[in-house]
Amino acid sequence: MARECPFDPPAEVRALREESPVSRVRIWDGSSPWLVTRYDDVRAVLADQRFSSDVDSPGYPATSAGVKARRKESRSFIAMDDPDHARYRKMLIGEFTVRRTESLRPLVEETVTELLDAMETLPQPVDLVEAFALPLPSMVICRMLGVPYSDHGFFQEHSKALLDVTVRADAAKHANDELRGYLAELVAAKEREPGDDLLSRLVERRIHTGELTADDAVGMAFLLLVAGHETTANMIGLGTLTLLRHPDQAAEIRGGDPATVAAAVEELLRLLTVVHTGRRRAATEDVEIGGVLIRAGEGVIAAGESANRDPGQFANPDELDIHRRGNHHVAFGFGVHQCLGQPLARLELQIAYPALLRRFPDLRPAVPVEEIPFRDEMVVYGVHALPVRWDTAV
Ligand code: HEM
């Protein structure tokens, strides 16, 4: 389904949510999984472990041939069910507590300042994605994992191929093999020479104790590296563009009041829902959702981007309202697979938006919206590039 407006989910999804909120849709491989579009039903699916995240579950509705190939080749816990999923996830929980994440604040603040300093010196127009939105989360996740940022060209190119739904299975497999090979070498290097980073801790505390194989650690590193930068990067790119279209609300964020900024980040997460291809699951038993019987072996796509625009849950759901109350969006998913990196994503976004808007008070897109390349073909929605201009830098 194609978007008519780059800032809203497809009208067809809205129509289904109103008229037939649990309905069959035809997908790329000819199968017809159920598309679930209402907020309560999406949460019910994601909270129910009778729906499996395992690509090998009968009926599992893969996003594309490439994504299917990648998930089969490179199994990580996002594509597993409990108890295996819980066993792996638990090993990382300590790395993503609010306290541990808070300790990254100075690193995030310094990185933001450095990137903005560099951006200020560039000839205009500047591509905000290249200069700021992508390098920030990428540098932070690299530092956290212990991956050299100097290799970013290599892993960004491959993770791009892995997240493009138009990429063929063989190309996705190639990108997958390259990235896994790179991370396997890195894990081996951490075994020889550990540092103060997440991968070294996995080696010392999990591989050496026999809880984790080196291959499992590669799978985890892979998931974190890919999940950790494209998502946040696109929230910065598309989020900034959205704010520039709402100057009054941008001005409030520029003011920097922490509660206002935190609420604004939640509202942008809800409105934009950049992980927009739906949470994919397969029923392992017969389950009723929204009055419809979904049988064991049937696929389900729980459309978070539609749930987050459900007027039954959110008043004026298509409007940006940074003062919205009770914003229990599902942009980070829901249930056992709910995003592990959300404290880090929140920290980065809460620092990035006000810092950018303060540095360039008259920041504006350098091209009309029709000329901005939106990421319709990618698993993570956003903008491929965002040319911007400014007259004043503070
Ligand atoms: C704004 C940024 C982000 C968004 C919108 C986002 C969104 C999501 C969503 C929707 C899921 C659920 C997947 C499912 O139910 O199948 C998820 C899972 C996950 N995310 Fe994020 N994410 C973001 C940032 C991050 C970051 C920064 C990291 C790591 C550093 C991360 C790591 C993960 C991991 C490991 C999972 C799998 C959790 C599990 O299966 O138990 N994410 N994310």
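Val292 sits in strand β7 (residues 292-294), where strands (E, at least two residues) and helices (H or I, at least four) are DSSP runs numbered from the N terminus. Leaving out residues up to four places away in sequence, Val292 touches Val22, Trp34 and Val287; contact here means heavy atoms within 4.5 Å.

Some ground rules before the rest. This is a predicted model, where local features need pLDDT of at least 70 and side-chain atom pairs count only at pLDDT 80 or more, while totals for chains, interfaces and linings use all residues. Residues are numbered from 1 along each chain as its sequence is written, and side-chain values use heavy atoms, with hydrogens and water left out.

**The iron site**

- The ligand's iron atom has a single donor from the protein: the SG atom of Cys339, 2.3 Å away.
- Donors are N, O and S atoms within 2.8 Å of the metal (3.2 Å for Na, K and Ca), and water is not among the atoms, so sites may look incomplete.
- Look for Cys339 in the loop between α15 and α16.

**A glycine in a helix**

- Gly237 belongs to helix α12 (residues 214-244).
- With 1% relative accessibility, Gly237 counts as buried; buried means under 20% relative accessible area, exposed over 50%, and partly exposed in between (1.4 Å probe, protein chains only).
- Setting aside neighbours within four places in sequence, Gly237 is in contact with Ala133, Val383 and Leu386.
- Gly237 and Ala296 are 59 residues apart in sequence, and their C-alpha atoms are 40 Å apart in space.

- Helix α8 (residues 135-145) packs with α6 at an angle of about 140 degrees, and their axes are 10 Å apart.
- That angle makes α6 oblique to α8: under 35 degrees counts as roughly parallel, over 145 as roughly antiparallel, 65 to 115 as roughly perpendicular, and the rest as oblique.
- The axes are lines fitted to C-alpha atoms, for helices over the stretch in contact, and the angles run from 0 to 180 degrees between N-to-C directions.
- On the α6 side, Leu107, Val108, Thr111, Val112 and Leu115 meet Pro135, Leu136, Met139, Val140 and Arg143 in α8.
- The residues of this contact split into 8 nonpolar, 1 polar and 1 charged; Ala, Val, Leu, Ile, Met, Phe, Trp, Tyr, Cys and Pro count as nonpolar, Asp, Glu, Lys and Arg as charged, and the others, Gly among them, as polar.

**Cis peptide bonds**

- Asp82 and Pro83 are joined by a cis peptide bond, with omega about 10 degrees.
- You'll find Pro83 in the loop between α3 (65-73) and α4 (84-93).
- Another cis peptide bond joins Gln124 and Pro125, with omega about 0 degrees.
- Pro125 is placed in the loop between α6 (105-120) and β4 (126-127).

**Positive phi without glycine**

- Thr273 isn't a glycine, yet its phi is positive, about 30 degrees.
- Asn316 is in the loop between α15 (304-307) and α16 (342-359), and it is exposed, with a relative accessible area of 57%.
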